[in-house]
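Welcome! Open your viewer, and let's walk through this model one selection at a time.

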Amino acid sequence: MPDLPADAGLYADLGQAHARLGDWAAVVRALETSLEHEATPERRAALHFYAGEAQERSGGLTRAVDHYLDAGRGGFHPTHALRSAARLAELEGSTQRRAEALQLLVDASTGEARAQALMALAELHRGALEQPERAAELLRELLLLRPTDTTVVTELRRLLNVLDRAEEGSAVLLAGVAQHRALLRAGTDEGISAESIEGLSRLFTEAEDPTGVYLCSCILESTAPEPVSYTHLTLPTTPYV
């Protein structure tokens, strides 16, 4: 690196010039030198983001994760930065750093982006981190965003059963059924959707309620415009009384 004045902007410009030439190692050096002289939080966050991109392009995954995490904390393109950090942490096999990135993404995001981060973080705590209690907390948060998501409902119920909290698991399942019934009662201009009925049937199956499953299959047969697929329906073999 030439002997240049201690000017953060000058080094940032130098990094941009190296980027045009595709010299990503030189970009990293210039941007990290710029960071040494930059005091403004907003500009530091931006420099961390671009340094993360340069590190990733040059193969420095560990430092790229560091920069992306700092960019996310600083609020510069946080969704992009933190998703990149989580992705690269997974590639380098760093479970803790991936969990850190996903937690920051949960805190920084809204809507579907937050829901996806919650699901990924819950899976990480349930699996590699072996923290089922935390996984259950995250799935509860996810249910607030996706109250009729049968996958989340059934997964949370099974996790609570593993934690010897079967009564809570049953309550989660019944709440899921209630949410689906409320959705069906509200209806739409297009009428009752087969997807909603199939979702309700999955929950009745999980609750081992053959009457509910049977009623769902009858509704599907009478309302579906196409032949009904029973892929997701589990019909009981015992007679109804």
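Start where two helices meet: the buried residues of helix 1 pack against helix 2 (24-37). Helices here are DSSP runs (H or I, at least four residues), numbered from the N terminus, and contact means heavy atoms within 4.5 Å. This is a predicted model, where local features need pLDDT of at least 70, side-chain atom pairs count only at pLDDT 80 or more, and totals for chains, interfaces and linings use all residues. Residues are numbered from 1 along each chain as its sequence is written, and side-chain values use heavy atoms, leaving out hydrogens and water.

Now select Ala 8, Tyr 11 and Gly 15, which are buried in helix 1; buried means under 20% relative accessible area and exposed over 50%, with partly exposed in between (1.4 Å probe, protein chains only). Look down the axis of helix 1: its buried residues fall within an arc of 65°, so they line one face of the helix. That arc is taken from the directions from the helix axis to the C-beta atoms. On the other side of helix 1, find Arg 20 and Leu 21, both exposed.

Next, visit the ends of this helix. Asp 7 caps the N-terminal end of helix 1, with a side-chain oxygen 2.9 Å from the backbone nitrogen of Gly 9. After helix 1 comes Gly 22, whose phi is positive, near 75°.

Finally, select Leu 139. Not counting residues up to four places away in sequence, Leu 139 touches Ala 122, Val 152, Glu 155, Leu 156 and Leu 159.

Technical notes: A polar contact is a pair of N or O atoms within 3.5 Å; within protein, one must be able to donate a hydrogen and the other to accept it, and residues adjacent in sequence count only if both atoms are side-chain atoms.
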